[in-house]
Amino acid sequence: MIKALLLRRSGSWQRQSGLRDISLWDLESNSAGHLSVQGIDALQLVARFGSPLLVVNRARLMKDVGALQDAVAHAPPGSKILYSYKTNCVPGILKPMHEAGIGAEVISPYELWLAEKLGVAGAMTLYNGVDKSDESLESAIRSGILAINIDHMEEIHRLRAVAGRLGRKANVGVRLALSSRSQFGLDIDSGEAHAACKAILSSPEHLDLQCVHVHLTSNAKDPSAHLAFAGRALEFMRQLKDATGYTVPYLDLGGGIGVPTTKNMNGIEYGLYRLFGVLPRPPRLDECKPISSFMEELIQSIEAGCKRLGLPTPRLLMEPGRLLTSRAEFLLASVRAVKQRTRGPTFAMTDAGRLSVTFPCDFEYHEAFVAGRPSARLDAFYDVMGRVCTSSDWMFKNRLLPRLQAGDVLAVMDAGAYFSSYSSNFAFPRPAIVMVQDGEATLIRAAETFEHLTAMDRA
Ligand SMILES: Cc1ncc(COP(=O)(O)O)c(C=O)c1O
């Protein structure tokens with residue numbers, strides 16, 4: 001009874017959602033009534049490159065990159081934007097961003113290696129993460145990296161030893177733990193973060209304290225969380241200056257800036273989705289601040305905070321992930337069969353689910369269209385399933401869609417953040433990725449083959 005009521009309410013939210021507008025992703029409907037990107041029919045993309053398929057709209061990508069660059073132009077000179085590689089670590093997507101002047105934020109020896117391979121200068125690369133190998137520290141130092149952000153005390157000793165062995169100086173940052181529930185960074189209240197900075201400052205021949213780092217939120221629609229974190233970081237920088245006389249030149253604000261077209265489920269929404277399969281209320285477009293005013297508020301508040309604290313305004317480092325790539329990519333997945341039973345949900349069996357490529361749909365709201373008729377009426381609830389043989393391989397529960405049949409292609413929006421990163425080859429190879437630009441589609445990652453799946457085996 002309660003479930004039926006909740007489902008009815010969810011259905012009307014889905015029907016009335018402002019997200020039922022493909023132009024939000026700069027997509028169109030063509031003369032055949034099909035979803036189309038940069039003049040290319042989505043169904044033709046599937047016919048040519050196969051299904052499932054990830055599609056990147058380069059124009060949309062560069063539009064979001066440009067909007068952030070414009071907004072950051074008002075930050076203190078020397079501020080930098082460093083794309084968070086983990087969000088979508090695909091060279092064909094990273095390269096155009098680097099060509100436009102975006103640097104790299106990496107969290108693993110692999111990502112560091114990739115940034116170097118893609119030609120990103122050390123001065124435009126920032127190394128975060130909890131498991132940095134000595135070899136990777138060595139190559140980061142050799143490249144003159146912008147900063148290696150320390151996650152725990154032990155890293156300082158290792159970094160000092162590696163820099164000492166090389167006879168070089170390493171640029172270092174300190175990640176502040178902003179919540180006792182977060183495993184990342186160094187605690188402020190117990191004095192751990194302060195002690196880390198003092199340890200760094202006590203080795204001036206090998207370690208150079210360059211930045212204080214904060215990151216704790218995700219898909220933030222307004223700057224309130226960032227304002228609070230920046231405020232704590234500035235106070236920390238002020239206390240450090242009082243105690244040591246040292247002024248840290250960079251404030252690294254991490255990532256976490258949101259997009260209007262997805263939202264993270266809160267605890268209650270996630271619980272209801274898990275328990276009853278009730279899809280939560282879609283995000284409201286007007287609750288997400290445009291990036292220009294988001295950044296303006298943040299920069300002004302940092303400048304005011306510095307004035308109050310008597311600190312020079314630090315240069316800012318931004319580590320956006322979702323903000324730059326989320327809306328530039330969508331997933332095309334084919335419906336293989338529809339199972340309607342006398343009782344229970346109607347299942348749409350597709351070739352992509354959370355165990356292969358749509359994992360973020362587990363805890364985020366994502367819009368979906370039928371590529372052959374994107375403006376069709378939503379008239380039936382479906383449990384949209386993946387193709388791995390476990391009941392947990394679903395894409396959506398109780399999703400309101402136009403009536404489906406085998407052969408339909410679903411387009412799942414905002415696949416540009418964390419879809420590829422979390423994707424797995426559980427029983428099936430991972431899909432291809434194409435980039436669309438000026439009416440042309442180019443393969444930027446081929447679909448895995450069976451041979452790829454066994455390439456590392458030695459049996
Ligand atoms: C340290 C750090 N920086 C940046 C990001 C990118 O976050 P987002 O995609 O929310 O911008 C993350 C994501 O978890 C992160 O952990």
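Tutor: Helices (H or I, at least four residues) and strands (E, at least two) are DSSP runs numbered from the N terminus, and the expected span of a helix is 1.5 Å times one less than its number of residues. The model is predicted, so local features need pLDDT of at least 70 and side-chain atom pairs count only at pLDDT 80 or more, whereas totals for chains, interfaces and linings use all residues. Residues are numbered from 1 along each chain as its sequence is written, and side-chain values use heavy atoms, with hydrogens and water left out.

Helix H11 runs over residues 291-309, 19 residues in all, and reaches 27 Å from its first C-alpha to its last, close to the 27 Å expected at 1.5 Å a residue. Its buried residues (under 20% relative accessible area, with exposed meaning over 50% and partly exposed in between, for a 1.4 Å probe and protein chains only) are Ile291, Phe294, Met295, Leu298, Ile299, Ile302, Gly305, Cys306 and Leu309. Viewed down the axis of H11, these buried residues fall within an arc of 125°, taken from the directions from the helix axis to the C-beta atoms, so they line one face of the helix. An α-helix has 3.6 residues a turn, so residues three or four places apart point the same way. The face of H11 turned away from the buried side carries the exposed residues Lys307 and Arg308.

Through contacts (heavy atoms within 4.5 Å), the buried residues of H11 pack against helices H3 (58-72), H9 (224-244) and H12 (322-325), and against strands E12 (250-252) and E14 (315-318). After H11 comes Gly310, whose phi is positive, near 70°.
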